[in-house]
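Hi there,

Here is the structure I promised to pass on. Please have a look at it first, and then read on for my notes.

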Amino acid sequence: MSFPIEPGAGEVDERGLFLVQAPDIRARVLPLFGFDPRRSDDRPVGHGTTFRIDPWSRCLTAFHVLEDIFEVDEAGTGAVLRPGLRLAALEVEGTGFGLIGLRADAWRPLAGSYAFCGVEAPPFQTPRLRNLTELVVLRIRPATQSSEGTPYWPLDLRRWRPVRGERVLTLGFPNLDEEGREERPISQYLYGSFGEITDVEPADGARGRPWPVIRVAAEWPGGMSGGPVFNETGNVIGVVSSGIAGGTGTATFFSGWNMAERILGSIDPNNPGRFLCHGVFDDAGELVHATQDAEQARRFAETRGLTDHAVVSVDPHREGWMRVNGR
């Protein structure tokens, strides 16, 4: 296994970016847009990038990509979308050339979100959210459902450790929709960018931004934030966090602290490409059912008179399973 794509000769531009048009890659990486449903004639505004992380329609992006469109809820304990705002991903199937029409279901609405965030309530000021992990999970269902689930990238939450000089790849939508003309067509080109790690900053709870960071010698324009960062074995090891003019990008990486696996609870932290499920076993000890819904697993076992059930690690595209100790 290696990087999911490499540029051909002459395909890298002066920014170090290369256009990605492979449909199987574009199906896994999506641009995010915000809009006001009360003003249907207004044009959606581009926010950043998200990518699919499991076959059950979960996606991941950087918290700061959405920070401005969420606010503290009335209870003062959580986050909600600001009034008059909605979030959607643009899903364009296949490859198009020039100006193409969008199907009505190309806009995929946000069906749910999950993140760890703090609430700051300074005296005499409106409470505001505090970014604690730079990670947020979104649920964005695809327009076309498949028996195999949504396509996704395998995540490495524990095994990989960053090394200076190591080559990484990121995918995203640079300068997403930033031309400034209200009547312009929607612009969403997926690009890739390679770079070498120049610095590693471990997680530190004493910092205002406590998450672990790598700095990469690469040009990552705005719009690529939230995109996946791959290591040389083809696993996603982090999320694009920012780009600095002059050719330095930063990414939040997963390993070295436990917050990523707490947020991404469905993913087996030790085995990229595998997922944690509730498994039901027959009397011979063979796995007969696996689901992420604990209640569904209980009902399945009860209706068949089965009593052996446990957390298992499964790969949806390969046979075989593993019981997970301590679960």
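How many helices and strands does the protein chain have? In this predicted model, the protein chain has four helices and 22 strands. Its radius of gyration is 21 Å, close to the 20 Å that the globule rule gives for 327 residues, so the chain is as compact as a globular protein of that length. The C-alpha trace spans about 65 × 50 × 50 Å along its principal axes.

A few totals for the whole chain come next. Buried residues make up 47% of the 327 residues. Of the contacts with a separation of 6 or more, 65% are between residues 24 or more positions apart. The accessible surface comes to about 16,300 Å², and carbon and sulfur atoms account for 48% of that. As for charge, there are 34 positive and 44 negative charges, and their mean positions are 3 Å apart.

Now to helix H4, which covers residues 294-303. Its buried residues are Ala297, Phe300 and Ala301. Seen down the axis of H4, these buried residues fall within an arc of 95 degrees, so they line one face of the helix. What do the buried residues of H4 pack against? Their partners are strand E19 (275-281), strand E20 (287-291) and strand E21 (308-314). Glu302 and Thr303, on the other side of H4, are exposed.

Serine 57 sits in the loop between strand E3 (45-52) and strand E4 (58-61). Its phi is near 80 degrees, a positive value in a residue other than glycine. Glutamate 134 is in the loop between strand E11 (128-131) and strand E12 (136-139), and the phi of glutamate 134 is positive too, near 65 degrees. Are these residues buried or exposed? Serine 57 is buried, with a relative accessible area of 5%, and glutamate 134 is buried with a value of 2%.

Finally, there is valine 119, in strand E10 (residues 117-120). Valine 119 is partly exposed, with a relative accessible area of 33%. Leaving aside residues up to four places away in sequence, valine 119 touches Val72, Gly76, Thr77, Gly78, Pro127, Arg128 and Leu129. Threonine 170 is 51 residues from valine 119 in sequence and 31 Å from it in space, C-alpha to C-alpha.

Best wishes

Note on methods
Residues numbered from 1 in each chain as written. Predicted model: local features only at pLDDT ≥ 70, side-chain atom pairs only at ≥ 80, totals over all residues. Heavy atoms only, no water. Helix = DSSP H or I, 4+ residues; strand = E, 2+ residues; numbered from the N terminus. Rg over C-alpha atoms; globule rule 2.2 N^0.38 Å. Buried < 20%, exposed > 50% of the residue type's maximum accessible area, 1.4 Å probe, protein only. Contact = heavy atoms within 4.5 Å. Areas by Shrake-Rupley, 256 points an atom, 1.4 Å probe, with all protein chains shown as cover. Lys, Arg positive; Asp, Glu negative; His and termini not counted. Charge placed at Lys NZ, Arg CZ, Asp CG, Glu CD. Arc of directions from axis to C-beta.
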